[in-house]
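Here is a short briefing on a helix pair and a few loop residues. Please look at the sequence and structure first.

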Amino acid sequence: MKRLVLIALLLLPFIAEAQTLLRIPADKLGKPVLFGSRIIDVNRAGGKVFAPGQRNPNPVLMHFEMAPDSLIMLIPAGPRPGKKAKGLQKQVHPVRFPLVEVAADGSVVIDVTRYFSEYPRQVSAIPPRTLEKEVELSYDLAVSQSADYLQVTGEYCYASGLEVTVACYLLFLPEEPMPVKKLAPYNGEDASHRWDLSRNPVITFYIDKAFPQEWLPYIREGVEDWNKAFEAIGLGSPLCALPEPEGLERYSPLVNMIRYMDVEEANAKGDVLVDPRSGEVLQGDVLWWKNVKDLIMDWRYVQTGVADPAARLKYYPIEMLGPMIRYSICHEMGHVLGLNHNMGASWSYPTDSLRSPSFTRKYGTTASVMDYARYNHLATSADIACGVTLLPPRLGPFDYYAIGLGYAAREPAAGEYCYYAPMISAAIPHDPSAQSETLGNNVLASSAAGVSNCRALLKLDGMDEHRLKLVSKQYYRYLWLSLSNIGGAVQGVPVKEKEQTRTLKFVLENLSSAPVLLRDEAQEKRVLEELDGNFLPRRVKETYGEKGLKRYQCRLKRLRKKYGY
């Protein structure tokens, strides 16, 4: 192996003699360029971190410029709106390319061989730490050009056996950026991401041919469902989903796709390429890892398996799986259109309404597909027989509102079910209305129904080891969700202390009485430590004051004794 490495290193200067040239049109000199990359192939994918189809999340805004010494420079072009220059692109440095020719039409040809002979870590789609200790052996470069972009595709081989094929694009941006638009209720975040429908009146998404053929109608629906929201604001139907045609340049920086990621990972993602000057979405993908199907089937089983016998099947027919795929694609398409998660969307609905046939048929289980509400675990078999819906809506009231905020000429008024709460990255969010997997506006009622389902599933046939672990995990998940009531506040309004006491009783009672088959001592210990540790008591003190903390500690001590803790 060492001999092979030595030979390859000796040959590298000779390999590099072949020039890789790019022609830059005269009218693009000095104009904004977005420099980024996408993985085409890698023989050791890193799960959802990097895999074929994924791109560098932070492309660099630059431009070409003639230098006094007859070289072309690619240099940083400035900060994004609303961003502090301090942390922006501080690792990006000017890049000099040898000038090969200046044509009569003013276009210039540059030699990019030396720069791309090493993996372009400046815009790496693979985390740089993955490549830190790699010894590069060889590379092979190819160039493609269009009126809109230049692209250099490189194949890189390393001594460790890692092989990466990456497409680096230089995308020419509009000289005049789209106007920046800040959106309520997203005002605390960067400029909103949105498509410029005046430049792109029809946005076509190609469905990866790797998807099973029977999925295609549901994937198409998940994309085109959003046309209803655009129609409501008078913008027609800009979204179109088509099967991937033969010969499609699927790694072009301007081709939109629903991509199948053939990697063992349960994840899906709405991924966009954005003009950093304005937030304009230039290209979008939905990335679907191969194990997402198993994940959504697990959710359906554990949340609705008691009420719906069909959810207990080992393999779901396409008539049942298809709408679940559509919902997942629709959620990720929301991100591609510029929508954020709205964990408060399910809080918009009264808990009782989720057992109403008329209400759920009209509104589904949550006011937005951008929630993580999953499936209707509040419904019983009798509710289903009466027509209660188990699935989220195709689009909820908040989705229509959010599209109106981003794309309508006039800002729409928020309707009855337009409550918003952002995703909170915390084990126990302080706002009970901002959680995933809760349904309705009562966390305790939602968790109690979920716990009851988990207990009931044990009494049914067909539970294998995988499903048993799944139900056990979900059982403790519902207990965790209810902990947001401890010292919590809904949009700044404190949870009533009586509700906090009921939550303590609910958690301790269900910890102590957990069925033997579901018992997880590590999870039990973790919950108990949270109750009287540093975090929750401190939050109780912040919400209710010193006297409130003492009341909490007395109740906790009494209830722990009652339930054997």
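The axes of helix α6 (residues 292-304) and helix α7 (residues 318-336) come within 10 Å and cross at roughly 110°. The two helices are therefore roughly perpendicular (65 to 115 degrees). This is a predicted model: local features need pLDDT of at least 70, side-chain atom pairs count only at pLDDT 80 or more, and totals for chains, interfaces and linings use all residues. Residues are numbered from 1 along each chain as its sequence is written, and side-chain values use heavy atoms, leaving out hydrogens and water.

**Helix pair**
- Axes are lines fitted to C-alpha atoms, for helices over the stretch in contact, with angles from 0 to 180 degrees between N-to-C directions.
- Helices are DSSP runs (H or I, at least four residues), numbered from the N terminus.
- In the contact (heavy atoms within 4.5 Å), α6 supplies V292, K293, I296, M297 and R300, and α7 supplies M320, L321, M324, I325 and S328.
- These residues divide into seven nonpolar, one polar and two charged.
- Ala, Val, Leu, Ile, Met, Phe, Trp, Tyr, Cys and Pro count as nonpolar, Asp, Glu, Lys and Arg as charged, and the others, Gly among them, as polar.

**A408**
- A408 sits in the loop between α10 (397-407) and α11 (443-457).
- A408 has 11% relative accessibility, so it counts as buried (under 20% relative accessible area, 1.4 Å probe, protein chains only).
- Beyond neighbours within four places in sequence, A408 contacts K181, I233 and I403.

**Positive phi**
- R374, not a glycine, has a positive phi near 65°.
- R374 lies in the loop between α8 (357-363) and α9 (381-385), and is buried at 10% relative accessibility.
- E437, also not a glycine, has a positive phi of about 75°.
- E437 belongs to the loop between α10 and α11, and is buried at 9% relative accessibility.

How values were computed: Parallel < 35°, antiparallel > 145°, perpendicular 65-115°, else oblique. Buried < 20%, exposed > 50% of the residue type's maximum accessible area, 1.4 Å probe, protein only.
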